[in-house]
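Hi,

Here is the structure I promised to pass on. Have a look, and my notes follow below.

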Amino acid sequence: MLPGQVSPGVRNAHSMVYQEKEDAIYLFGGATDIEVKSDFWKWQEGKWTKVEVIGPRPRTFASMVYDNIEDQILLFGGSRVLFGSGPNPNNLFNDTWTFKEGNWAEIPTADSPPQRAEAAMAYDPVRNKTILFGGYEIQGRSYVPVRDTWEFDGSNWRLVDEGGPSPRNNAAIAYDENNNWIVLFRGSTGRNGYGEGKGETWAWNGQKWTRFDILQPANVFNASMVSTKEGILRFGGWDGKERINQMWILEIDQWKKLKPKQSPSARNHAAMVYNSESKQVMLYGGHDGKYVFGDLWCYSSGNWKKFLEVSSKPRISNGH
């Protein structure tokens, strides 16, 4: 990073969206190497700018999307901590916020998903609904993945399904503009581990979940995924043993592994968005178990290019 430049610094478990009307990327919260944050940043015209505004409290693993019809950012839930010393229900949120016209506002809702973190959330512009699936709750002294599906219409949440994919948290999700459905991939399905041994891919068509009958790649958790004109792209994650930096594209009957000439280093808990104006995928931060990253990468024309370098910092060990 050049002298005088500012950036969010190292970050993992943060939330990020692409805001179409401003042609800008917004980043909220997450954790550095030492603390959980509530700062809000904008990447526009090749530089980061801190947005000085009062909004949601510090949190990790919040779910955040951009609603291009209402021209607003929607944020739900998350955790007060990165992981913590043990399950604590007081650490989880179920508040709903919007960022519009330069300000955050908490939305009072008549109903709401229970407190949770690592839920998968995507905005469906055709149906003008935000869909939230799964995540984890705390029941007793355990983190417990859940499988409920909720729909937000701009003012209230509604429970729409309790079947479909098995309970899971930190699944990858994206709205597929080419097929007008929401695609969900994998996630952690076990109470005390990583659950089933193979990946799964599901689609939500606005009424029900359907499991794809396609060739599945091996275990992948905490991956980053976006929808582009070329198709659904997925990067990185954790396979229960190590972090990976593989790039995949979803084709009609399979996930196909791509082979870019260079890539970001292996990581999970990164954030990735698609810039529909420049036709570029942008990825920021994440960690590899040992270090937390603050680098910004761009993927286009089949290859990755580093936009911004921030020195990584040692990650506090928590057994994961």
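The accessible surface of the chain is about 14200 Å², with 45% of that belonging to carbon and sulfur atoms (Shrake-Rupley method, 1.4 Å probe). Please keep in mind that this is a predicted model, where local features need pLDDT of at least 70, side-chain atom pairs count only at pLDDT 80 or more, and totals for chains, interfaces and linings use all residues. Residues are numbered from 1 along each chain as its sequence is written, and side-chain values use heavy atoms, leaving out hydrogens and water.

The chain has 0 helices and 27 strands (DSSP runs numbered from the N terminus: H or I of at least four residues for helices, E of at least two for strands). Its radius of gyration is 18 Å, close to the 20 Å that the globule rule gives for 320 residues, so the chain is as compact as a globular protein of that length (C-alpha atoms; the rule is 2.2 Å times the number of residues to the power 0.38). Of the 320 residues, 54% are buried, meaning under 20% relative accessible area with a 1.4 Å probe, protein chains only.

β21 pairs antiparallel with β20 (residues 231–238) over 6 bridges (pairing takes at least two DSSP bridges), and Leu-233 has Ile-249 as its bridge partner. The hairpin of β20 and β21 has 4 residues between the strands, and Gly-240 in the turn shows a positive phi of about 90°. On to β22 (residues 255–258): 4 bridges join this strand to β21, again antiparallel, with Trp-248 opposite Lys-257.

Best wishes

Definitions and conventions: Buried < 20%, exposed > 50% of the residue type's maximum accessible area, 1.4 Å probe, protein only.
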